[in-house]
Every structure is written in structure tokens, then in C-alpha cells.
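Please work through the following exercises with the sequence and the 3D structure side by side. Try each task before you read its solution.

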Amino acid sequence: AAAAPAAPAVAFTIQHDDFTLASHIRIAVDALGPDRVFLMHRGQLAEGQRFYDQVAKFLGVEPFEGIGISATIFNEASGAPSSTAVLREQILSNSAQLSKAHAVAMAK
């Protein structure tokens, strides 16, 4: 008989009570289980090696040691006058209707 796979690290378990989850995340957690969905903020990419080692741990593989992983947020140099978040806020603050529609869309 094949051995059961090792249990993932508890630190990565997602609890519905811990988050106000978007519906697509909730569907993934329900389908795959709370210990099989890895969520991160893209800002964590700036942590470089440390972040990717956390991903490796979640996947149950060896750390990505010595391969020089780095990440860049490409849209920052796109010539836009402001970040996406600032532009979004400017647009949504000018229209209550747009702001409401955005909130509804993000809640799905």
C-alpha cells in the first residue's frame, strides 16, 4: 500500500473565519481543502528568497537555495502617472455609481 502524503504545514491552512474571502477563493478552498490553497500578496514577492522558500515549504519540496530568485513589479515603470491603486481611487472617488459597481464586482 502506498504511504499517505505528508500533511502540509499548519501555518498555511486557510480558515474561512480568518478571511473575508472572495467567492473564487472560497470555491477553491471548498474544492481543494484549506491546507491546499496558498494565498499571498504580490508585495511578498519583494521578499525574494525568503518568500520562495515559503512556497517551497508549502509545496513540500526543498528550498530554492542559491538560484538567485528575484521579482520586479513591471507596471511601475509603464509610464503611468500613478500606481494602479491611486488611479483606481481617483476614478472611484469621482463617481458614486462606479464606486458601488466596483464594490459589488469585488464582492463576487
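The exercises below go from the whole chain to a single helix and then to single contacts. The model is predicted, so local features are used only at pLDDT of at least 70 and side-chain atom pairs only at pLDDT 80 or more, whereas totals for chains, interfaces and linings use all residues. Residues are numbered from 1 along each chain as its sequence is written, and side-chain values use heavy atoms, with hydrogens and water left out.

**Exercise 1. Describe the elements of the protein and its surface.**

Step 1: Begin with the helices and strands, which are DSSP runs numbered from the N terminus (H or I, at least four residues, for helices; E, at least two, for strands). The protein has 4 helices and 0 strands, and from the N terminus on the order reads α-α-α-α.

Step 2: Turn to burial, where a residue is buried under 20% relative accessible area, exposed over 50%, and partly exposed in between (1.4 Å probe, protein chains only). Of the 108 residues, 14% count as buried.

Step 3: Consider the accessible surface (Shrake-Rupley method, 1.4 Å probe), which comes to about 8400 Å², with 58% of it belonging to carbon and sulfur atoms.

**Exercise 2. Find out how the buried residues are arranged on helix α2.**

Step 1: List the buried residues of α2, which spans residues 49–59: they are F51, Y52, V55, A56 and F58.

Step 2: Because these residues cover an arc of only 160° around the axis (taken from the directions from the helix axis to the C-beta atoms), they lie on the same side of α2. In general, an α-helix has 3.6 residues a turn, so residues three or four places apart point the same way.

Step 3: Look at the face turned away from this buried side, which carries the exposed residues R50 and K57. After α2 comes G60, whose phi is positive, near 80°.

**Exercise 3. Which residue forms a salt bridge with E47?**

Step 1: Recall that a salt bridge needs a side-chain nitrogen of Lys or Arg within 4 Å of a carboxyl oxygen of Asp or Glu. A search of the whole structure finds 1 salt bridge.

Step 2: The partner of E47 is R50, and their closest N and O atoms are 3.0 Å apart.
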